[in-house]
Amino acid sequence: MKSYFLITFGCQMNVHESEKLAGALRSLGFIPTKKKEEADIIVLNTCCVRQGAENRALGNIGAFKTLKKTNKDLIVCVGGCMTQQKTAFKKLQETYSFIDIIFGNQNLDKFKEMLLERIETKKKIREIEEGSPTPVESEISRADGDTAYININYGCDNFCTYCIVPYVRGRERSRAKQDIINEFKKVIAEENCGTPRFKTITLLGQNVNSYGKDLKPASTFVEIVSELIKVLREECWGRPLGDPQKIAFMTNHPKDFSLELVELMAKNEEYMAPEIHLPVQSGSSTVLKRMNRNYTREHYLNIINHIRKNLKKIYLTTDIIVGFPGETEEEYQETLSLIREVKYDKIHAFMYSKRSGTPAASMSDQIDQKTKNRRVNEVLALYKDVLNKKM
């Protein structure tokens, strides 16, 4: 049996896309191995949201050259968000000539045919696709664990000034409602020794709250969640399988987040995972404006207050960026005061990372590394202090 070794960097979307790559490999008869030295095929699924993710990916790719020397039949494939960038795509071709297949996240669905072509012709394949392609249904080999992922939409139309995502994942495209429902039914039907294989089904999108705007007729995120709750209620009725499986979702965008969604969760708590990830990025309205986030601190806090009022047991998490270009000490202090006010259960804090091609990369008043280091450490220290006081 031929085997494959799959490495994933990045977010839950990347993790799920690796499940699709695994599905393609398994359909061709390949089996997974935990040792890259034993693999016949190595696939690296990359991320480019921050420079650190790119650096880690490039470090791994460089190590594959040694493996290629000892195993001349080894097929090395590199894909994902990093390769979707034209500059990175060019660099990989010029610097890492030993790579057999280079592809992007927007032609991931063609990975299977690219691999077959490589096996049959021995030719190297370098191919990325642009233009926000229509979502394609994929073979999926789901990883072990309590959570199953289901894509509901792809891409992003927000163009936050610091973010590379719209440029590498394209514009927003929603999956057909019935395709989502059909996949959801398959997932909840999977069992392991008489109990559900997955405790949580997480709906994925760069911005799940904008789901359905591009469909004809248009739909909403609240509508698709309502449909899935109905499926859970009907499919699991009378099944002695313990607690109902839960629906989770990420990522949310405060400008599109619906208060109606909170009310839906409150009425169906037995079917909803008690957590919301609501990235704020900054506690300063002026910084948020420069980030092109299209909401204010006050708007964000109104959502938080509605959540706290209606959902008594909720695990609230967020993302925060410090050191955005031009961020003054006063603006940074507004982020600290927001943390004290909201009392998050978990914070993912990051230093601003310049991404080539984004508006923020060419902004004046870039913050020095020393200041960014101090601020991110202070944010994490404050988060831990707030968390300890909650316990």
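How many salt bridges does a search of the whole structure find? The search finds 26 of them, where a salt bridge is a side-chain nitrogen of Lys or Arg within 4 Å of a carboxyl oxygen of Asp or Glu. Welcome to this predicted model, in which local features need pLDDT of at least 70 and side-chain atom pairs count only at pLDDT 80 or more, while totals for chains, interfaces and linings use all residues. Residues are numbered from 1 along each chain as its sequence is written, and side-chain values use heavy atoms, with hydrogens and water left out.

**A few words to carry along**

- Helices (H or I, at least four residues) and strands (E, at least two) are DSSP runs, numbered from the N terminus.
- A residue is called buried under 20% relative accessible area, exposed over 50%, and partly exposed in between (1.4 Å probe, protein chains only).

**Salt bridges across the chain**

- Arg 142 pairs with Glu 183 in a salt bridge, and their closest N and O atoms are 2.5 Å apart.
- This pair links distant parts of the chain, with Arg 142 in the loop between β6 and β7 and Glu 183 in helix α7 (residues 177–189), 41 residues apart.
- Both Arg 142 and Glu 183 are buried.
- Another salt bridge joins the side chains of Arg 171 and Asp 157, at 2.7 Å from N to O.
- Here too distant parts of the chain are linked: Arg 171 is in the loop between α6 (165–169) and β9 (173–174), and Asp 157 is in the loop between β8 (153–154) and α6, 14 residues apart.
- Arg 171 counts as partly exposed at 44% relative accessibility, and Asp 157 counts as partly exposed at 33%.
- The side chains of Glu 327 and Arg 375 also meet in a salt bridge, at 2.8 Å from N to O.
- Glu 327 lies in the loop between β15 (315–322) and α12, and Arg 375 lies in helix α13 (residues 369–390), so this pair ties together parts that are 48 residues apart in sequence.
- Glu 327 and Arg 375 are both buried.
- These two residues also belong to a network of salt bridges that links Glu 327, Glu 329, Arg 374, Arg 375 and Glu 378.

**A negative patch on the surface**

- Glu 113, Glu 117, Glu 120 and Glu 127 gather in a surface patch of negative charge.
- Patches are made of residues with over 30% relative accessible area and no salt bridge, with like charges joined within 9 Å and nonpolar side chains (Val, Leu, Ile, Met, Phe, Trp, Tyr) within 5 Å.
- Lys and Arg count as positive and Asp and Glu as negative, while His and the chain ends are not counted.
- Helix α5 (residues 111–121) gives the most to the negative patch, with three residues.
- Glu 120 is found in helix α5, and Glu 120 counts as exposed at 64% relative accessibility.

**Two residues and their surroundings**

- Thr 335 lies in helix α12 (residues 329–342) and is buried, with a relative accessible area of 2%.
- Leaving aside neighbours within four places in sequence, Thr 335 is in contact with Ser 282, Gly 283, Ser 284 and Ile 320, where contact means heavy atoms within 4.5 Å.
- Glu 139 sits in the loop between β6 (125–127) and β7 (147–151) and counts as partly exposed at 40% relative accessibility.
- Not counting residues up to four places away in sequence, Glu 139 touches Glu 19, Lys 20, Gly 23, Ala 24, Ser 27 and Lys 112.
- Glu 139 and Glu 227 are 88 residues apart along the chain, and their C-alpha atoms are separated by 23 Å.

**Backbone details to look for**

- The peptide bond from Lys 216 to Pro 217 is cis, with omega near 0°, and Pro 217 is found in the loop between β12 (200–204) and α8 (221–235).
- A cis peptide bond also joins Met 250 and Thr 251, with omega about 5°; Thr 251 has its place in the loop between β13 (246–250) and α9 (259–267).
- Gln 281 is a residue other than glycine with a positive phi, near 70°.
- Gln 281 is in the loop between β14 (275–277) and α10 (285–290) and is buried, with a relative accessible area of 8%.
- Asn 292 is not a glycine, yet has a positive phi of about 60°.
- Asn 292 is in the loop between α10 and α11 (297–310) and is partly exposed, with a relative accessible area of 27%.

Notes. Areas by Shrake-Rupley, 256 points an atom, 1.4 Å probe, with all protein chains shown as cover. Charge placed at Lys NZ, Arg CZ, Asp CG, Glu CD.
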